[in-house]
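Please look over the sequence and the model shown here before reading on.

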Amino acid sequence: MIKSAVFHRTSDNFCYALDKDNLVITIRTGLDITDVSICFGDPYTTGIMGGNSKWIYDIKQMPYHVELEDNLLWSICITPEFKRCSYFFKISCGEEILYYFEDGFHTSPEPLPNGRAQYFLFPWMNPIDINQVPEWVNSTVWYQIFPDRFCNGDKKLNPIITKKWKGPDESVSSFDFYGGDIPGIISRLDYLKDLGITGLYLNPVCKAKSNHKYDTTDYLHIDPHFGTDEQMRELVDKAHSLGMKVMMDGVFNHCSIFFPPWKDVCKHGPESKYYDWFMINKWPFQKLGFNNSKKGYYYSFAFFDVMPKLNTNNKEVIKYFVHVCTSWIKKFDIDGIRFDVANEVSHEFYHILRKNLKKIKPDFFMLGELWHDSMPWLRGNELDSVMNYSLKDSMNEFWLNPDSTKDTFIHAVNRCYNLYMQQTNSVLFNLLDSHDTIRLISGLNNIDKFYQELAVLFTMPGSACIYYGTEIVLEGMHDPDCRRCMPWELIDNGYYDDRINKMKKLIDIRKTIPAARSNAYAFINKYENERIIHYEKYDIPLKEIYGDMSSSGNAAITVILNCSKEPITVENCGDVLFSNLFSENILSPDGTLIFLQ
């Protein structure tokens, strides 16, 4: 037995309350382990200290496990009768059996004479400590909008330097303004409704100097190039009437050099009452453009002097942004906030902000921009979810690397959905591109592979988001090229109807088939070819995921992606929901098939 590969802790994604009754427990082992059972019971079944009585416990096999590259993850969901649970593990490696306690391995499940067994302990399932997320997010299909490039609805709002709206094949620069605005978004809500969208994610719309608005100068009002506060409320109200939620972008890690508190600091230095609102090391600053940040005068976002870093450890800063966010809810009635550069903001900031926002709107959605393992922010007292860049990057790795096998894909997906609690998995913000990345089609340069990745996006746990223009396969390389203008004239003339209809089918699967939104998935090893992705999704409650899903009897969907160079035959494919390059039971190379069993 490879003992060093075995790991468990009584916290985070290894042991947590799924709800008020059920406890999920996971243990990591090496690939050599053949069986794991959990021995569990109430810690007080034989009294406070147990005395000379033998502790009474139940034993259950943990049949459910997923495979990673070098490990197995074994999980089980149990229901402690009295809300507390002591436990240890019985681990088998062929004929070898060891017992795994909090203090390590033992050859016997019994404690030493007159000794105390160091069982794992989940002391109490306090309802207030259970990670609860907004239920509506799982069924939401998001549409990300970069406002300046989406639609120009009122030319009177255009800045003086506005350029002529460009076509889909024309590149843009970092400093271009094209006049997209809130009235333009309002004018296209029916289009988005028809597409199947149920959630709008807006890049920043508050007052700022740039076209991207991540250099905020006024957090309390809408940028006049986009419209008015009243028009923002109109947008939200109309979106709500069409069954769409609205999420704003919150830039609280940094601000603009034109943000009034920063201007006050630049004028008064340490005498400014806002001096501690920022992370300043030396005073006075050098002139703008002299690398103040790189030379250590003050911290900024990514060494951009024009975006000084806010001190979110400061109670006054936290109080100010609590006011900003609560005012957004009260003024605009938004449903969520996406927090930019979320991992650089203090944990205390989120602790306090969450309490205030959930008090106003209990199902408010708090989404963080994090590109890595984000467990410290997802324990139930800070953020609800993060942007699932881990899944995006893993998918791209498989499709861009022809040497990747289905095992590498399976291991990557399993890793992504075992980083967090299941309730978090339900609301992970899944995306394939954004304003910060190369557009999906430009990275793949293959429209058939493009639809394969989209098929995964719309059938994986979490919520699905498409970036504006993805429905028409809009191209774009690195920022700013990924922020091209939306070609409404071509769309209105039907030029992209075939592509839009394909997207509608995928969105419809997501919205109408519960199994597509479920956390329950299983990879099927039916095809020998190492580039065939084959998995099933099941419509079952979270607590039942850790059993035999395939025998649950619930309606399931099957996804088959032929990423190989050879055609394959698919038999008994049931009710086809979506297909590409599939005919007469033959799935061609780069083909996609989704069917209902």
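Leu 432 has its place in the loop between strand E19 (429–430) and helix H11 (440–444), where helices (H or I, at least four residues) and strands (E, at least two) are DSSP runs, numbered from the N terminus. This is a predicted model, in which local features need pLDDT of at least 70 and side-chain atom pairs count only at pLDDT 80 or more, while totals for chains, interfaces and linings use all residues. Residues are numbered from 1 along each chain as its sequence is written, and side-chain values use heavy atoms, with hydrogens and water left out.

Leaving aside neighbours within four places in sequence, Leu 432 is in contact (heavy atoms within 4.5 Å) with Lys 392, Met 395, Leu 440, Glu 453, Leu 454 and Leu 457. The C-alpha atom of Leu 432 is separated by 17 Å from that of Leu 561, which lies 129 residues apart from Leu 432 along the chain.

The next part concerns two helices. Helix H4 (residues 229–241) has 13 residues and reaches 19 Å from its first C-alpha to its last, close to the 18 Å expected at 1.5 Å a residue, the expected span being 1.5 Å times one less than the number of residues. In H4 the buried residues are Asp 229, Gln 231, Met 232, Leu 235, Val 236 and Ala 239. Seen down the axis of H4, these buried residues fall within an arc of 165 degrees, so they line one face of the helix; the arc is that of the directions from the helix axis to the C-beta atoms. An α-helix has 3.6 residues a turn, so residues three or four places apart point the same way. On the other side of H4, Glu 230 and Ser 241 are exposed. Among the elements that cover the buried residues of H4 are helix H2 (182–187), strand E14 (216–222) and H6. After H4 comes Gly 243, whose phi is positive, near 80 degrees.

In H5, the residues Pro 261, Trp 262 and Val 265 are buried. They cover an arc of only 100 degrees around the axis, which puts them on the same side of H5. Just after H5, Gly 269 takes a positive phi of about 60 degrees.

Terms used
Buried < 20%, exposed > 50% of the residue type's maximum accessible area, 1.4 Å probe, protein only.
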